[in-house]
Amino acid sequence: MPNQVQHANAAIALAGISKSFTGLKVLSDVSFDLRAGEVHALLGENGAGKSTLIKIMSGLHQPDEGMIKVAGHAVTFTTPRAAHHHGIATVHQELLLFPELTVAENVFLGQAPRTSIGSIDWATMRRRARELLDSLDSFDLDIDIRVAALSVANRQRVEIARALAQDAKVVIMDEPTAALAEADVQKLMGIVRSLKARGVGIIYVSHKLPEIFALADRVTVLRDGQHVGTKDIAEVTEASLVSMMVGRPLDRLYPKKIGESGEVALELRNISYRNVVRDVSFALRRGEILGIAGLVGSGRTETALTIFGITPKTSGEIFLDGKPVEIGSPEAARDLGIAYVPEDRGQQGLVKSQSIAENIALANLKRVSSGWFVDAAKVLAEAKAAITRFGVKARGPEQVVRELSGGNQQKVVLGKWLAATPKILIVDEPTRGIDVGAKAEIHLLLRKLAGEGMAILMISSELPEVLGMSDRVLVMNGGRIISTFAEGEVTAEAVGHAMTHTAQVAA
Amino acid sequence: MTDVVMSSRGLQRSSLRRFVGNYGQELVVLLTIVLLFVVVGSYNPRFLSETNMNSIFSGNAYIAVAAIGMSLVIISGHIDVSVGSMIGVIATMAGTLAVSGYPVWVAWLVPVVFSVVVNASVGALVAYMRIPSIVVTLGMLSVLKGGLISATGGAWITDMPPAFMISQWRIFGIGTPVYFMVVLTLLAALYMRFSGFGRSIYAVGGNMEAARAAGLNPERTVVGVFALHGLFAGLAGLLFATQLQVIQSTVPPNLELTVITASVIGGVSILGGTGTVIGSTFAAILFATIGSALIFLNVSAYWLRSVLGLMILATVLVDMIRRRRST
Amino acid sequence: MSRLLKHESILAILTVLALAILAMQSDKFFTTDNLLNQGRLMSEVGLVALAMTFVIVTGGIDLSVGSILGLTAILLGVFWKNVGLPLPVAIGLAVACGSLAGFVNGLIITRFRVPPLIATLATLALYRGLAEGISEARSVRGYPEWFFFLGQGDILGIPVQLCLLVIAAITAGVILARTPFGRATYAIGANETAAHFSGIRVNATKLWIYTAAGFLASIAAVIFVSRVTTTRSDMGTGLELDVITGVVLGGTSIFGGKGTIIGTALGLILIQALKNGLSLSGVKGDGTIVVIGVVLIVAILASAIFDRNKGG
């Protein structure tokens, strides 16, 4: 890969970066550079390696190979503190703030101005916090209020102010507009422009192509941990970016549909949950894979959690096989034949300290019990069957799940839910963080299950996956379904366009 | 649009409203104290007599002092259930040294140093070995309590030299414990507000990982907090030791509970990251007032512990509900 | 399975060792009389420790068990002497109240999401306070003879409460190791979110466990009263220390997700042996508390070190 990225005035430059986690290579020979006063967009689907690259730049991980240079000097960041020292600040997707402390204090935590006797100079802190926030056009944000009381948009401004207080030369913004309303998105773009004017370099990680075209000077695309290309924004179009991101022939990875869709298994009518799921209606048939596409925060997972009973609906109706049902808890959902393979595998899907057998039995305890007792033989048999059926690479059913790779862990989660013989399977980001080989296996499995009559709802942020696997596609945004694509209408251009356009629906 | 409504919550508000918002709990406690004085005082005027006032404030100042240290521990995200036993040990140690002919300053200094060292060690265990503070301090409680009674056999210490008896002195007619309470509270409050270390206690207790990411050292902060706590417990022990003419070499009943409750009621959230020492001092005064009020209202003093338990529950429930609503 | 057995095996060896040392130190130790008597004495702590194992495995803690014991004891006296109910009814009602106290703990923890530490610290005060307030430090005496059978009698030469403890321990052990309820308990302690997402009734399970703790504490209260023939409001003070030490020593991780009844049983035996050995050597009760406290700290320290070495 030609190294066209070394510039003398690069605010930060990375070359030949590689990184692996437990045997899975996440980044391989990636190069990236950022000039002062530039907005450089970083694009790539989930699992492409963007977040790892950012964490390396902000000192949370060290690369296995490769070099980092800040303003021309080679550096190594062993801690986040070191990265701060070199003027690199991050505005995280999951904001790292102190809810009980005030805005001013959050902005300056760890770097508060001091008086001559060494005590904290609150007056100066408050004044400078006020100045910083005003420079971000946040005149109405009270610096003495507890951060816990702020909206997400305002909290983000506090994090940005914090980056400025660190006198950062490089500001990394990770999916900054994912949780923002349109008005706030515009304000954020204004902030980015003013930072740019001050000579700050910005790394803008986002899926939203319209924003990228509006703000970025250059764009870098990563795919499967590799650097696909870095181009000036004038040289690319939406289509060329999408094709750089997707890159591979779709049909090789995604098996085609077998047979016809059956009757309607699950139907939602005007389902709402508070204000995160709004008036959602759709039908899911046996034998089909219905893909739900959309960006982070669009309400897809929230809809799934409502169907699954974690956050039961506040209005609307759910029908299973034509009969209205109330789903008030996950156990109710399970008993009705609904399974949910969660987005957060580690936290929600698996008990990592337990064995494969114990995990697989977890959703199914009644089934593997005879009378009052758990039948250890049945548990073992089920686990062995699952291991064989899904091709889980492990020493045996007693191996602790923590030791398995991402792909194998996901197979265990699937195994757990399939052991409960569901009729409806909801998979949320089913192949996130999984290597290509295991991805293909899981896709094949899903298609086979659909072929056997299961109704599958697939939530995914990976455009190729949505395109390749879904028979029909729904696109969600702001908790609502904004586009529907029937069989045959599912094309890359159409879905990609719907996904990457904010198309804000009025509240 | 909800976001707009929520953004408006960040709008500048008047200083008064902001003050009340941030220090609401402390104000409530203060008002309750005033209310109690008014109500009980009108029912039985002897409640407001100088002897009783002295008894309330001077006699319970040591609880407030101990509560300062406890507040720091809870703000940092931990707890110490052994403080009552520690105070008993401090008091006995000090008294024994005093009657054994050591100079008075030795009798004051050695126990306090002991408390600082022991508590700092507990802090180190908690911070570096990642052992939950509840378990370590539960063990400490027994070690100290059992150790105290084994070593002394429950014997009383009497005839301590007058130079030793801090709590008995009066300045302008007010007992010295009150001055200790006020001065230490103010110093601690200023320290928590204006020193880097003080602010780091809030940060570590509020979000340990964010604190680390911001460049702080959570482990050192925790050890420091426990050491400070040891200091305040030590001073409280000295005040407690010299209150009466005799030291009973036992662990004062309910003490750790009262101290923890004072912090919690005074606005320190059990989840860490927030609260003030001024609040805990007010709360300690509140309990003393309630305790005295129960007597003057002819309510059996045996109900005091239930009242404490109910108060903790009520405060914590309110705290939980408040947190659920704001996040 | 094999990981669990390693800790228990070490513990078993330690226990045997301790018993051997004590047997050599004093010829009064290894007599049937003494051993059975020790069994009698440890039954109260033992019963509560069974429930506490479940509590700690779920990642929680219950500091109020001692207070529930005291409260139940007082209520027993009140129902019988002051209200005049027949003794069996008074016993039943008192146990019901103790169970209710445990249920309230569970409610505060599940419904209101109060951390178990502070919830049970508050109820420790509340329940003890109720006991003190109701009894006003007066004790109740004069129970009928037949009542003392529970605490002081023997069945086929074995103390009644020891028989009860053994039956309860076997039941608890089977429930924890072999039933869906037990599996749910482990899952909740290891990863409560994943358990919830797998359809396990987390809140219901916890409620049962805390209620059981209250129930067993109240049974222990009845046995205690029967043994010492009187009720006093300070009964059970410090019980939580012995119970938690026994459970932690037995290999239950304070962070939840790991632990067995066998381990707890061994831990309890070890502690009782320690107490017995100390008293036979002339150490008074208060010295014993010191040792127990040290044992707790050392046990938790060891468990923290071992967990870390395993890459926990």
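In strand β12(A), A283(A) is the bridge partner of E267(A). Strands and helices here are DSSP runs numbered from the N terminus, with at least two residues (E) for a strand and at least four (H or I) for a helix. The model is predicted: local features need pLDDT of at least 70, side-chain atom pairs count only at pLDDT 80 or more, and totals for chains, interfaces and linings use all residues. Residues are numbered from 1 along each chain as its sequence is written, while chains are lettered from A and ligands numbered from 1 in the order in which they are written.

β11(A) pairs with β12 (residues 277-285) of chain A in the antiparallel sense, over six bridges. Two strands count as paired if DSSP finds at least two bridges between them. β11(A) and β12(A) form a hairpin with three residues between them. In the turn, R274(A) has a positive phi of about 45°. Most residues other than glycine have a negative phi.

Positive phi values occur elsewhere in chain A. A71(A) is not a glycine, yet its phi is positive, about 50°. A71(A) lies in the loop between β4 and β5 of chain A. A71(A) counts as partly exposed because it has 16 C-beta neighbours inside 10 Å. By this count, with C-beta atoms placed from the backbone, a residue is buried if 20 or more other C-beta atoms lie within 10 Å of its own, exposed if 12 or fewer, and partly exposed in between. E175(A) has a phi near 45°, again positive in a residue other than glycine. The loop between β7 (170-174) and α6 (182-197) of chain A holds E175(A). E175(A) has 20 C-beta neighbours inside 10 Å, so it counts as buried.

Three bridges join β4 (residues 65-70) of chain A to β5(A). Within β5(A), V75(A) is the bridge partner of I68(A).

The domain assignment divides chain A into domain 1 (10-250), domain 2 (261-337 + 422-507) and domain 3 (346-421). These bounds come from an automatic or database assignment. The C-alpha centres of domain 1 and domain 3 of chain A lie 39 Å apart. G262(A) is in the loop between α9 (250-253) and β11 (264-273) of chain A. With 13 C-beta neighbours inside 10 Å, G262(A) counts as partly exposed. Leaving out residues up to four places away in sequence, G262(A) touches R285(A), R286(A), G287(A) and G453(A). Contact means that the C-beta atoms of two residues, placed from the backbone, lie within 7 Å.

Between chains B and C, 33 residues of chain B are in contact with 35 residues of chain C. On the chain B side, α6 (133-152) and α13 (304-326) are the elements that give two or more residues. α6(B) supplies the largest share, 14 residues. By class, this side has 22 nonpolar, eight polar and three charged residues. Ala, Val, Leu, Ile, Met, Phe, Trp, Tyr, Cys and Pro count as nonpolar, Asp, Glu, Lys and Arg as charged, and the others, Gly among them, as polar.
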